[in-house]
Amino acid sequence: AGGANLGAPKGKLGDLLLDPLDQYVFTGGGLDPTIINESTDFPSNAATVDPVTLAAIVGNVTLFASRYMRISSPIDLTATSGATPTATPNKGLTVQVGTWTKPASPDPLNLSNSDPSSSDAQINTVLNQLDIGANITTANGAVSLTAPKIQTFAASTIATAGGAATLSAAGPIQASSLSIDAGSGVVTATAGTDPAATSRFLQLSAVTGGSFTASAPDSIQMFGAITTGGGAVTINSSGSTFTTFSTIDTRTGGTGPTGGAVSITAPSSVTTRSILAGSGNITLAGSNLSNNGNTPLLNTLDTTGTVSLNATAGSISSFRINNSSGVTATATNAQGSAIVNLFSDTVLNANTVTATTTFCSTFGSCSSANIDVRGDLGVNVGTVTATAPTNFTILASPSFGATYADERFESINS
């Protein structure tokens with residue numbers, strides 16, 4: 001394994017680009033035939049690299065593969081072996097996988113099956129993805145991963161100690177076992193940048209950073225805690241759902257009293273656990289809003305800022321809201337009942353609470369609008385409005401006679 005010195009003691013680090021069709025990063029990789037037999041272990045178009053080789057580079061590292069990349073062994077760019085000094089702050093890693101299209105037969109590189117008319121013509125199927133199964137570590141160096149698809153095959157962590165961490169996929173980011181710890185660095189994850197991609201969802205494990213922004217056209221799922229130490233969290237699923245299975249904590253220093261704002265939007269539904277925002281405002285918007293925590297530690301929205309909850313086609317279910325200076329909750333449902341259920345261990349400052357339904361079946365029965373607000377230390381009520389249509393059609397049925405065709409016999413579900 002060799003090395004390259006792209007250092008600039010009085011300037012910015014240089015860049016090294018490795019650019020094969022397929023690339024494999026693992027301990028023992030390299031072009032030395034005594035380490036690995038390239039012709040038998042990998043296709044002739046593949047290149048392999050040992051993480052030790054990357055660590056020996058004085059400069060930023062860019063790994064590019066036109067079709068496929070697999071990171072199987074840890075990449076550690078915090079130090080440069082043989083350099084003086086050994087520590088290499090700000091040394092970053094950029095990984096990019098292109099979109100390769102299988103050529104028309106005959107394939108000059110023999111990357112697809114030699115007989116495209118045979119039943120096993122999908123041999124050597126084009127992957128066009130980045131597979132991650134090992135840690136990536138830098139010392140304040142940025143890490144950027146871009147591919148048609150990003151996925152994990154083993155639990156992994158990207159740790160940058162303050163460097164920005166950026167993930168971008170034309171299709172899905174299927175990385176429920178990938179954690180990101182950027183310290184104070186900005187973390188950004190974007191899935192589904194290509195409208196033609198068949199899947200455009202986003203999955204990640206725990207995220208720590210100075211702020212966190214996630215977006216995808218399809219569902220977004222977070223399988224670990226989100227921690228920003230005072231930075232904002234902005235999550236947007238433009239066409240599906242958001243679900244988190246752990247806490248979102250934006251409190252400065254992890255304790256407050258200040259904190260970053262939290263904004264989560266998903267048109268189908270938003271499902272959260274506890275959100276601890278210090279003084280940051282909390283905004284949740286979706287067709288239905290719910291909390292999947294079953295204890296106060298898991299189901300509390302805690303902020304001294306404002307809380308805005310907007311359910312555009314359903315209900316707001318079981319939200320414990322503590323310490324908020326003002327709560328606005330709106331549930332609107334044109335296809336069923338509208339429900340708002342809020343409670344607090346402190347005083348609940350319910351500035352504006354609205355539940356509205358306009359739905360009546362063809363048989364005359366209508367849905368209800370229900371509001372339940374409770375606070376252990378009291379409830380300060382501003383405007384509370386429940387609006388629903390009446391069930392007059394049933395009571396005015398001809399079987400009851402003309403005597404009952406009177407609005408005094410309405411059944412008002414509000």
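Modeller: Cys360 and Cys366 form a disulfide, with their sulfur atoms 1.9 Å apart. The rule used here is a pair of cysteine sulfur atoms within 2.5 Å. By this rule the count is one disulfide. The angle about the S-S bond is 100°, and the link of Cys360 and Cys366 is right-handed. Is each end buried or exposed? Cys360 is partly exposed, at 32% relative accessible area. Cys366 counts as buried because its relative accessibility is 11%. Buried means under 20% relative accessible area, exposed means over 50%, and partly exposed is in between (1.4 Å probe, protein chains only).

A word on the basis. This is a predicted model, in which local features need pLDDT of at least 70, side-chain atom pairs count only at pLDDT 80 or more, and totals for chains, interfaces and linings use all residues. Residues are numbered from 1 along each chain as its sequence is written, and side-chain values use heavy atoms, with hydrogens and water left out.

Next, Thr358. This residue lies in the loop between β35 (348–357) and β36 (369–375). Strands here are DSSP runs (E, at least two residues), numbered from the N terminus. Thr358 counts as exposed because its relative accessibility is 57%. Which residues does Thr358 touch, leaving aside its neighbours within four places in sequence? They are Asn333, Ala334 and Pro389. Contact means heavy atoms within 4.5 Å. Thr358 and Asn333 are 25 residues apart along the chain, and their C-alpha atoms are separated by 7.0 Å.

Now the aromatic rings. A pair of aromatic rings is described by the distance of the centres and the angle of the planes. Rings of Phe, Tyr and Trp (its six-membered ring) pair if their centres lie within 6.5 Å; planes under 30 degrees apart count as stacked, over 60 as edge-to-face and the rest as tilted. A search of the whole structure finds two aromatic pairs. One joins Tyr24 and Tyr68: the ring centres are 5.8 Å apart and the planes are at 65°, so the pair is edge-to-face. This pair links distant parts of the chain, with Tyr24 in strand β2 (residues 22–25) and Tyr68 in strand β5 (residues 68–71), 44 residues apart. Tyr24 is buried, at 14% relative accessible area. Tyr68 is buried too, at 6%. Phe223 and Phe245 form a stacked aromatic pair, 5.2 Å centre to centre with 25° between the planes. They also link distant parts of the chain: Phe223 is in the loop between β20 (220–222) and β21 (226–227), Phe245 is in the loop between β23 (241–244) and β24, and they are 22 residues apart. Phe223 is partly exposed, at 35% relative accessible area. Phe245 is partly exposed, with a value of 35%.

A charge also meets a ring. The charged end of Arg70 sits over the ring of Phe153, 3.8 Å from its centre. The test asks for NZ of Lys or CZ of Arg within 6 Å of the ring centre and within 35 degrees of the ring normal.

Last, the backbone. The peptide bond from Gly256 to Pro257 is cis, with omega near 10°. Pro257 is in the loop between β24 (248–249) and β25 (262–266). Asn140 is not a glycine, yet has a positive phi of about 70°. Asn140 is in the loop between β9 (136–137) and β10 (143–147), and is partly exposed at 36% relative accessibility. Ala161, also a residue other than glycine, has a positive phi near 50°. Ala161 is in the loop between β12 (156–159) and β13 (165–169), and counts as exposed at 56% relative accessibility.

How values were computed. Helices (H or I, at least four residues) and strands (E, at least two) are DSSP runs, numbered from the N terminus.
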